[in-house]
Amino acid sequence: AGGQAAFAAPVGAALAATSLLIALRGAVRRRDRRSHTRSARTQAAAQATQVAPASALAEEWVESQVRKASAASGGRLDAALSERGLVTLRELGAPARNQEPWKYSDLKALFDDSALAPLPAPSEDILREAVAALLEETEEGQDHARLVFVDGVLSPEFSRPGRSDKALVGGALALAVTGGAEVKARIAELLGPLPEKDMFLANKNDALGCAKLAALNQSLLEDCACVLAEDAEAPDSEAITVEVAFITTGSSPSCACPRVLVQAGKNRRLRVIESHLSSNPSDVSLSNGVCRIIAAEGAAVEHDLLQQKADGSRFVESLTAEVAAGASYQLRLLQTGARAGRVNAAVALQGEGASCNVLGTLLADEEQQLDLHSLIHHSVPGGKSEQLHKNIVAGSAECIFKGSIRVDKAAQQTTSSQLCRTLLLTKKAKVKAMPSLQIQADDVTCSHGAAITELDETEVFYMRSRGLDPGAAKKLLLVAFPQDLLGDLSKVAPKVYQRAIDKLVRMAAQ
C-alpha cells in the first residue's frame, strides 16, 4: 500500500501538470482565435475603406466624362444609341476592387484625373508631323484602306479609301451619308448590343468587366471605324486589308471613345490592323474603346490590336468576336504603352467547326500595369481554340493575365489549349497569371498552364561562350522571346514592330 501511494503521488502530479498544460494551450488558442478574428475584421475594414474610395473615384470619373462631353460642341453619331447608353450607364455599378473583374486593377492609376490636365492643342503643322511619324509608310502600289481618327474625329488628310469593291470601309458618319438610310440603319443595328449587357452575359465571377465602360463609350460615341464586307459565293483568294489608327493628342477635356465594327460576310477574308497611339509623349488621356467582330460562315478574320500609347496615358478596350460555322478568328494583341492598359477580349465560337487563335504579348516597364482578361466560349461541337500569351516585366511593373476557356455540355469534340509564359527581369517586377478551364463536356481535348521564370543563366552563359557580352546576350534572348507571337508584324506594321523591339532593348539594359 505504501508503494502504491508513493507511485500514485508523482503520477497524480504529472496528470495535474498535463491538465494545466492542456488548459493553458486552450487558452492560448482561444486568445489567438480572438486575435485572428480581430485582425481579419481590421483587414476587412481596411479593404472596405480602400474599395469605397476607388469605387467612388471610378463613378465620379464616369460622371465627369458625361458632363464634359455634354458641354462640348461635338454631336453624337446616333441620338438613340447615345440615349440608351446613358440609361444603361445609370443602371450599372462602377468598377470596384471588390468586383472579381477589377480585383487586381489599379483603379487610381486608371481613373484618377485630379492631378492631370489636358495639354494645349497642337498646331496643324506639329500635329501633321507627329502623325506622319507614327503611321506606317505607304509603299508604292499599296492599295489597302486606312482610317485615321485624331481625338475621335476621322481625318481625311491621313486616311485613304482603298480600292476594294468587296466591302464598305469608312467612318460611320461618312458611310451614312454616302450609303443612305439603309446603311445607317445597318450600322446602328450592329452597334446597338453592348458586351455583358446584351451579349456575352456572365455571372459576377466570370465577367470581364466590360459593361459599364462600354455603355460610356456608347453614350459618348461620335464616330466609328466600319468594315462591312458582303457575302461571297466562294472563299476570297486574298484578304481585304484595312488599317485603323486611333491617335490622341492629349488636348481633349474628355476621354477618347474609339469604336470599331467589323462584319465579315460569308467566305470573306479580312485583315484589320488596329493601332492606338499618342501624338504627344506627354499625353495622359484615357482611351475607352469598344470593338465588335462578326465572322459569318466560312469567313476568316485576322485582327491585330496594337496599343503603343504614351507612357502616362490610360487605355481600356472591350472586344467581342462572334464566329460562325467554319469561320476563323485570329487576334494578335500587343501592348507596350500606357501607364495602365487593359484589354477585355471575349470570343464566342457559335457554329460547328469554328476556330480562334489568341496571341498576346505584354511588355511592361517602370510602373506600368498591363492587363488582359479574356474569355473563349465553346457552345457547339467541333470547335478549336488556341491561346498563347507572353509577358515580359521589368522595373516595378505588373502584368495581369486572366484567361477563361468555357466548354458547354453540347460542345463535344472541342480542342482547346491555353498557355501563359512570363519573364520577370527585376526583383520588383510582378505578374498575376490565372489561366482557367470550365468544362462541362466529356469528349474534349483541353489543356492550360502558366510558367513564370527569370532569364535562364545557362542560356546567357551559352551566348557568352560564343563571344557575346552579358548585355548583348540578354538583349538577344529578350528580343527572341516573343517572336513566335509577333509573326509577320515586322512586315505589316514595321514601325509598331520596331517600337516594340526598342522597348525590349531598353528593358534588357536593366
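At a relative accessibility of 1%, F111 counts as buried, a term that denotes under 20% relative accessible area, with exposed meaning over 50% and partly exposed the range in between (1.4 Å probe, protein chains only). The model is predicted, so that local features need pLDDT of at least 70 and side-chain atom pairs count only at pLDDT 80 or more, whereas totals for chains, interfaces and linings use all residues. Residues are numbered from 1 along each chain as its sequence is written, and side-chain values use heavy atoms, with hydrogens and water left out.

A search of the whole structure finds three aromatic pairs, where rings of Phe, Tyr and Trp (its six-membered ring) pair if their centres lie within 6.5 Å, and where planes under 30 degrees apart count as stacked, over 60 as edge-to-face and the rest as tilted. The rings of W102 and F111 have centres 6.5 Å apart and planes at 55°, and the pair is therefore tilted. W102 likewise counts as buried, at 1% relative accessibility, and W61, W102 and F111 form one aromatic cluster. F149 and F246 form a stacked pair, with 5.1 Å from centre to centre and 20° between the planes. This pair links distant parts of the chain, since F149 lies in strand β1 (residues 145–150) and F246 in strand β5 (residues 240–248), 97 residues apart. F149 is buried, with a relative accessible area of 2%, and F246 is buried as well, with a relative accessible area of 7%.

The protein chain as a whole comprises eleven helices and 19 strands; helices (H or I, at least four residues) and strands (E, at least two) are DSSP runs, numbered from the N terminus. Buried residues make up 50% of the 510 residues in the protein chain. Of the contacts with a separation of 6 or more, 84% are between residues 24 or more positions apart, contact meaning heavy atoms within 4.5 Å.

Two packed helices are described by the angle between their axes and the distance between the axes. Helix α2 (residues 79–91) and helix α6 (residues 211–220) pack at an angle of about 150°, with their axes 7 Å apart, which makes α2 roughly antiparallel to α6. Axes here are lines fitted to C-alpha atoms, for helices over the stretch in contact, and angles run from 0 to 180 degrees between N-to-C directions; angles under 35 degrees count as roughly parallel, over 145 as roughly antiparallel, 65 to 115 as roughly perpendicular and the rest as oblique. On the α2 side, L81, S82, G85, L86, T88 and L89 meet K212, A215, L216, Q218 and S219 of α6. By class, this contact has five nonpolar, five polar and one charged residues, where Ala, Val, Leu, Ile, Met, Phe, Trp, Tyr, Cys and Pro count as nonpolar, Asp, Glu, Lys and Arg as charged, and the others, Gly among them, as polar.

E322 is placed in strand β10 (residues 314–323) and is buried, with a relative accessible area of 12%. When residues up to four places away in sequence are not counted, E322 touches M199, F200, R292, I293, I294, A295, A348 and Q350. For A295, the C-alpha to C-alpha distance to E322 is 6.1 Å, at 27 residues apart in sequence. S285, in the loop between β7 (269–278) and β8 (286–295), is buried, with a relative accessible area of 14%. With residues up to four places away in sequence not counted, S285 touches T248, G250, S313 and R314, and the C-alpha atoms of S285 and A117, 168 residues apart along the chain, are separated by 8.8 Å.
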